[in-house]
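Subject: Structure handover

Hello,

Please read them side by side.

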Amino acid sequence: MEHYSLKINGNVYETDAEPFESLLDVLREKLRLTGSKKGCDEGECGSCTVLLDGKPVLSCILLVSDVREKEVLTIEGLPQGGEPHPIQVEMTERGGIQCGYCTPGIIMSAYALLQENPRPSEDEIRFAIAGNICRCTGYSKIVEALQAAAGTPIR
Amino acid sequence: MTKKRGLGVGSMFYGIGYGFNRADIGSAYIEMADDGTTTVYSGACDMGQGIMTVVAQVAAEVVGAHIDTIRVVAADTTSTPDAGPTSGSRATFVQGIAVHEAASDLHDQLMQTAAGMFECEKDELEAHNGDVYLKGANAPIASLAEVAARVHLLGGRCASWGWHDNSTADVDPETSQGDAYASYGWATQLAEVEVDTETGHVKVLKIVSATDAGKAINPVAVEGQIQGGAAMGVGYALYEQHILDQGVPRTDSMAFYLVPTSMDVPEIQCEIVEVFDPKGPFGAKGIAEPATVPTTPAILNAIYDAIGIRITDTPATPERVFQAIQEARARGEFED
C-alpha cells in the first residue's frame, strides 16, 4: 500500500492504495465517488470516463499511481452550487438518459468537448462521444441534448 | 473509390405481451395520503424504458391528480405486487391497465366522499390536476388533498389496487393456427445506405421509422425506445455477431462483439402512428421491441438497392459485402 493525495473535483482526497489499482476502483471503492461507472473494466465502453487535467480518460485502465500531481474531474464535480450542469439538465430534460449507465461517461466526454469547442457541429459531438457506448437511446436524444447544452441548432 | 447509395424498406408486425396462453399479469397498489400525495406501488421494473413515468402519468390522469404529486415505488418485492418482467413490449400495455384500474377505483372513492362534502352526486364531479370541479365548471370547489384529508378523517379507505390479466388463449396445438397475442404492433422503416464498393463498408445515412404506438403516452419516451430499437437493428444488420470457436466465445468483449457507436448510428426520424387499441391504457400498446425488427431488412434492402446484390447473412460486414461484390464482378454482373 502507498499513500496518495489525489486532487479530485477541486478537493484533496487522502487514501491508501496499491499502485497498480485503477483510478476507477480507487474512486468507487476507496473514495465512494460512485458516479463513474464500471461497465467493461477494459477500456472499451467509456462509462468510467473522467477528466485528467481537462482531457477525457478511461479511469478503468488508468493506474492510480499515474494520477499524482494531476487534476481529476469526475461527474460529481460538475454541479455548481448544488445546481446540475447545463449538460446534465439537457440530458435529463430531453430523454438523453434511459438506463443511465453510460450517462456519466457521456457527460464527461461532452463536457471536455465543450471546454475546447463551445459550439461543436453534430459530427464533432458524435466523434467526441464515439468512445462511449450506449445501448438504450440510439444516441439521437443524447446528440440533441448536447446540441441544446451547446446552444447550437437541433436538427 | 466508388460509393453507391440505396434506399430500402422493412416492415413488420409483432405480438404484444406474452401470448400463447402464458401468464401475462399486471398489478399495482395505489393510495393517497391526506396531503394529496399519491403513491403507486407498481411491480413493473424500469431499466430505462420509462415504465415508471408511464405509471405516474396514467395514475395522475385517472385519479385527476397533478403529476408532481405522484410517487412511484417500483419493483420492490417487499412492497409492490408482482407485475411480471419488463419484456415482450408488455409493460405499458399490461401494467398500464392495472394502474388504470387501481387509479380509477381510488378516483371513485374520492369522488364519493367529495359528493358527501358538497351534497351532490359523485357523477356530477370530476377531478384534474389535483382539483375537484363540478363537471364543466371553470373554478374548482376543493382540492383533492382536502377530499383525501376528509376520507382519512372519516376513517374511510383511500387506497385501492388493480390487476390485469392479458393472458390469451393458446393456438391450436396441431395446426399452430389461432390468435396468439392480445394485440399486435406494426412498424415500417426506411433506411438509406452508402456502400463503398472498394472496401465493402456500409454506412447507414438515415433511418425513418413509422411505428404504430396505439397512443403515445409519453412521446419522448416512445421516440427514445424507437431510436434505441433501430440502433440495435443497425448493430444486427452490420456489426454484431457472436462467434463460437469449438464452444469458446471469440467475441467476448465490446472490442470484438461490435455494438454500434454514435458514429455508426445515423439520424433516426420517428413518425409515431396512433391507432387506438381498445385493449391498452388510453389506447396505447408496446413499441420497443417492434422498433428493432424492421431495421435490418430495411438496411439489407438498401444495400441491394445500392449494389444489386442480396446479402443474406448478417451482419453485412465489409468482408462479406466485398466478397459478394467480387463474386459478382467475376461473373460480370457488377457495374462499378
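The C-alpha centres of domain 1 and domain 2 of chain A lie 21 Å apart. Domain 1 covers residues 2-77 and domain 2 covers 86-150, with bounds taken from an automatic or database domain assignment. This is a predicted model, in which local features need pLDDT of at least 70 and side-chain atom pairs count only at pLDDT 80 or more, while totals for chains, interfaces and linings use all residues. Residues are numbered from 1 along each chain as its sequence is written, and chains are lettered from A and ligands numbered from 1 in the order in which they are written.

Between these two domains, 15 residues of domain 1 are in contact with 12 residues of domain 2 (contact: C-beta atoms, placed from the backbone, within 7 Å). On the domain 1 side, β3 (49-52) and β4 (55-58) of chain A each supply at least two residues, and β3(A) has the largest share, with 3. Strands here are DSSP runs of E of at least two residues, and helices are runs of H or I of at least four, numbered from the N terminus. That side of domain 1 consists of 6 nonpolar, 7 polar and 2 charged residues. Ala, Val, Leu, Ile, Met, Phe, Trp, Tyr, Cys and Pro count as nonpolar, Asp, Glu, Lys and Arg as charged, and the others, Gly among them, as polar.

The contact between the chains takes 21 residues from chain A and 20 from chain B. On the chain B side, α4 (219-238) and β13 (267-273) give two or more residues each; α4(B) gives the most, with 7. By class, the chain B side has 11 nonpolar, 8 polar and 1 charged residues.

Helix α5 (140-150) of chain A has 10 of its 11 residues buried (20 or more other C-beta atoms within 10 Å of the residue's own, with C-beta atoms placed from the backbone). Its buried residues pack against α2 (86-93), α3 (103-116) and α4 (122-128) of chain A, and also against α4 and β13 of chain B. Just after α5(A), G151(A) takes a positive phi of about 70°.

The largest nonpolar core has 134 residues (buried Ala, Val, Leu, Ile, Met, Phe, Trp, Tyr and Cys joined through C-beta atoms within 7 Å). Helix α2 (91-118) of chain B gives the most to this core, with 12 residues. Among the residues with the most contacts inside the core are A110(A), V40(B) and I299(B).

Regards

Notes
A residue is buried if 20 or more other C-beta atoms lie within 10 Å of its own, exposed if 12 or fewer, and partly exposed in between; C-beta atoms are placed from the backbone.
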